[in-house]
Amino acid sequence: MKHRGYYGQFGGCYVPEVLTATLEQLEAAFNTARSDPAFWAEYVRVMGEYSCRPTPLTYAENLTRHFGGARIYIKREDLNHTGAHKANNVMGQGLLVKRMGKKRVIAETGAGQHGVATATMAARCGFSCTIYMGALDVLRQRPNVFWMERLGARVVPVNEGSRILKDAINEALRDWVTNMDDTHYVLGTACGPHPFPEMVAWFQSIIGREAREQIQRITGALPKRIYACVGGGSNACGIFLPFLDDDIELVGVEAGGRGIETGQHAARLSAPGASEGVAQGYKTFFLQDDDGQMRETHSVAAGLDYVGVSPILADLHQKGRVRFESATDTEVVQALELTMRTEGLIPALESSHAFVQAFKEAPHLSPDESIIINQSGRGDKDIFTVADAFEDPAWRDFIVSTARRYTNA
Amino acid sequence: MLEDYLRNRLREKEILLMTHIVLGYPDFEASMEIVASMVLAGVDLMELQIPFSEPIADGPVILHANQQALAAGASVRACLDFGREAAARFPIPFLFMSYYNILYRFGVERFAAEMKDGGLQGAIVPDLPPEEGADYLQTMQGHGLNPIFIFSPATPDERLAYIASCARGFVYCVARKGVTGRETEFSSQLNGYLARCRRATNLPLAVGFGVTDRRDVDFLRGKADIAVIGSQTIRIVEESGPGAVGDFIASLR
Ligand SMILES: Cc1ncc(COP(=O)(O)O)c(C=O)c1O
């Protein structure tokens, strides 16, 4: 193992010995695929046929007028099959699994987005599929559990640790160290041991490659700034990386939760609470205590509720190439409401974090300049979570009366 | 030196026993009681696990013990102090076992100095492959401590040799793929793997993951130098209390 996936001082491959050979095999398969132009062409073809790619870059005329500053463009990853950018990574890894000849896939999921995307890929490719999901998330995200099961996946609730995303990752790793001969672990974000960060970011870079071409075609120039929300960091890496060498500002927005000062957030790079550590197979900034035990995190958006962050982004943060900000739960719900009312778009709560920061900055830019917001996913699918976030009373009555009907049936 | 100690013991016993406990589970007092009964029952060396919130190489039993210990407030400081006390009180070698983040946050150099000063013999860090452990290796060597590395059935010969070149004291061979605590079939299927391990190093070989009873230990006689009992002792304590540990250990050999 020569290159172990370091980005500056972050990344690496900190795994039990039994996984080393499997990761080397994956790295070799990935490198072969990456250097084969036919593989990328096949990927683009599949994404076009199966998942509405290229996704549009939508000019948000009303929001632009509302803020009276930069022209706002929105990259529509919400239009992917299953409603988020997760489909890109999942279909890419699916093609790789076929090449490796494995028959079973496993994945972790937090909100359920990545789990549903993996389940569709497994159904289409004929793989058996097991999804690990924190028991708390299973309770919070029943609709996605419903879809995963209908799609033929086995959903295993994880009752260990804090029973959320990070615990689902640990459990998926435990499955993998046992069953790696016929099983591939479809990690859902640009985190984990090498080669996952690099591989996931590479598949997701389809977002930025398209956006780069689109914005130049539409406006004749590159954008001034690009905004993306940051959970594990895959949609942010995906849209940022193809612009890395350009003179434009890249802004990652983390979950500010109930406010940085409350400690209930998932801000790893935008606030001083996190520190360098090694867990889940890689080195990055983690929200942890002095002993190195991981802390609980919070966000209104389950997909951002994670203790670590992509080593690629940790490095770009340290180099000052990407700026990191945070958005609170309250700001997020407001930005979502405004976006729905003015544009008729329904960004996921995760994506709405990027909108918050863009809205703060757009008025200070000139109308000659444009910005891109990555709408990583759609919110209408998460009606239960969004309705909760809005504390919608009529929705509540509906749930209560539906529950009553089920109870009496 | 750890290796010398093991070789001397192996002159008297055909196979040695190493046990594993999670510090602070169910509490530190019980942990010390368990150590005492294990030593009395003839255990040859012990690994003391410092609990971590994300123990990816551990199965349900040890994972649960990690979480309970942390929930009860087990700190790294308290674990280090425990190790020092155990090493002072009992005449067998003690190793720390933990995940790399615990050492990394504490400071690898500081951690090693604590170990040396406290009379610990070395450490097992299952998520730190030698490639990532240049600092660690150098520091351990500087303090005369033993970095215990791991062989797995999935490790190719060439890599076994590489790992062996970094290892000191002994090498820990996991008996199968997977995490701790699940069943292992100790059968002739293991012979090829254990022979590969033997060829890769002159160091003593410990075999663990799924060793639960005398039959398993008997199987390993002549093929390995140390049988490692991890999850099973934790189960015994959970079922019958710390007092039952001595009889269990005595029944193994
Ligand atoms: C719509 C959406 N956006 C963003 C994320 C965060 O993940 P990442 O930072 O890897 O893009 C998720 C994760 O579930 C998501 O579902």
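## A salt bridge between the chains

Let's start with one pair of residues: Lys166(A) and Glu54(B) form a salt bridge, with their closest N and O atoms 3.0 Å apart. Keep in mind that this is a predicted model. Between chain A and chain B, the count of salt bridges is five. The two chains also have 21 residue pairs in polar contact, counting pairs with both residues at pLDDT 80 or more.

## The side of chain A that touches chain B

Which elements of chain A give two or more residues to this side? They are α1 (17–34), α8 (165–179) and β11 (275–279). The largest share, eight residues, comes from α8(A). Sorted by class, the side of chain A that touches chain B has 14 nonpolar, eleven polar and twelve charged residues.

Looking at both partners, 37 residues of chain A are in contact with 35 residues of chain B. Together, chain A and chain B bury about 3000 Å² between them, and 50% of that is on carbon and sulfur atoms.

## The cysteines

How many disulfides are there over all chains? The count is zero. A disulfide is a covalent bond between the sulfur atoms of two cysteines, and the cut-off used here is 2.5 Å.

Take Cys129(A): the closest cysteine sulfur belongs to Cys125(A) and is 11 Å away, so the two are too far apart for a bond. Cys129(A) counts as buried, at 7% relative accessibility. Cys229(A) is in no disulfide either, and its nearest cysteine sulfur, in Cys237(A), is 12 Å away. Cys229(A) is buried too, with a relative accessible area of 1%.

Key
Residues are numbered from 1 along each chain as its sequence is written. Chains are lettered from A and ligands numbered from 1 in the order in which they are written. This is a predicted model: local features need pLDDT of at least 70, side-chain atom pairs count only at pLDDT 80 or more; totals for chains, interfaces and linings use all residues. Side-chain values use heavy atoms; hydrogens and water are left out. Buried means under 20% relative accessible area, exposed over 50%, partly exposed in between (1.4 Å probe, protein chains only). Contact means heavy atoms within 4.5 Å. Buried area is the accessible area (1.4 Å probe) that two parts lose on being put together, summed over both. A salt bridge is a side-chain nitrogen of Lys or Arg within 4 Å of a carboxyl oxygen of Asp or Glu. A polar contact is a pair of N or O atoms within 3.5 Å; within protein, one must be able to donate a hydrogen and the other to accept it, and residues adjacent in sequence count only if both atoms are side-chain atoms. Helices (H or I, at least four residues) and strands (E, at least two) are DSSP runs, numbered from the N terminus. Ala, Val, Leu, Ile, Met, Phe, Trp, Tyr, Cys and Pro count as nonpolar, Asp, Glu, Lys and Arg as charged, and the others, Gly among them, as polar.
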